[in-house]
Amino acid sequence: MKVSLTKTFYFSASHSQAGKIFGHNYRLGVTTQVADRNSERILEEKVNGSIIQRVQSRDLGLHVDFLKGISISDQNLLEVFWKILEREMKPLALLKLTLARDERTQVTMERIPLGRQE
C-alpha cells in the first residue's frame, strides 16, 4: 500500500506589479509519497531549505534569485516551486503542490499517474 504525506508551510512575501506593491500570506501544501519514517523530517528540511527560507519576507521579483525575470503569479510560483522541490526532495516522490493566499485563491499541481496521461 502506498502512503502519502502532506505538510503545510507558511510564508509571507511581496511583489511589485505596475508600480504597486502587493503583500501576501501564502500557504504551501506539499504532498509526497512516504519512503520511511524519516520522510516527514526530510520533507520539512527540504522544503524549508530550498523554498521557505529563500522567499520568507522577501520581494519575490527582486530578492529571490530563482524568481528573477519571472512574472509573479500563483501559477508561475507553483511551477517554479515544483521544479525545485522535485529535484531537491529525492528520494521522496513529489505528488502534489497547492499554493493558496486565501480561501478563494488556490492553485494546485499534481503528478499525473502512469496510465492517465493523454
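Two strands are taken as paired if DSSP finds at least two bridges between them. In this predicted model, strand β1 (residues 4-17) and strand β2 (residues 20-33) meet that criterion, since they run antiparallel and are joined by 14 bridges. Within this pairing, A13 has H24 of β2 as its bridge partner. The hairpin formed by β1 and β2 has two residues between the strands, and there A18 adopts a positive phi near 55°. Strand β2 is also joined to strand β4 (residues 93-100), with seven bridges between the two strands, which again run antiparallel; in this second pairing, G29 stands opposite T98 of β4.

The aromatic side chains were then examined. A pair of aromatic rings is described by the distance of the centres and the angle of the planes. The count of such pairs in the model comes to three. One of them is formed by F11 and Y26, which are stacked, with 4.8 Å from centre to centre and 15° between the planes. This pair links distant parts of the chain, as F11 lies in strand β1 and Y26 in strand β2, 15 residues apart, and both F11 and Y26 are buried.

F11 also forms an aromatic pair with F81, and here the arrangement is edge-to-face, with 6.2 Å centre to centre and 70° between the planes. F81 is buried, as is F11. Together with F66, the residues F11, Y26 and F81 form one aromatic cluster.

Technical notes:
Residues numbered from 1 in each chain as written. Predicted model: local features only at pLDDT ≥ 70, side-chain atom pairs only at ≥ 80, totals over all residues. Heavy atoms only, no water. Helix = DSSP H or I, 4+ residues; strand = E, 2+ residues; numbered from the N terminus. Phe/Tyr/Trp six-rings, centres within 6.5 Å; stacked < 30°, edge-to-face > 60°. Buried < 20%, exposed > 50% of the residue type's maximum accessible area, 1.4 Å probe, protein only.
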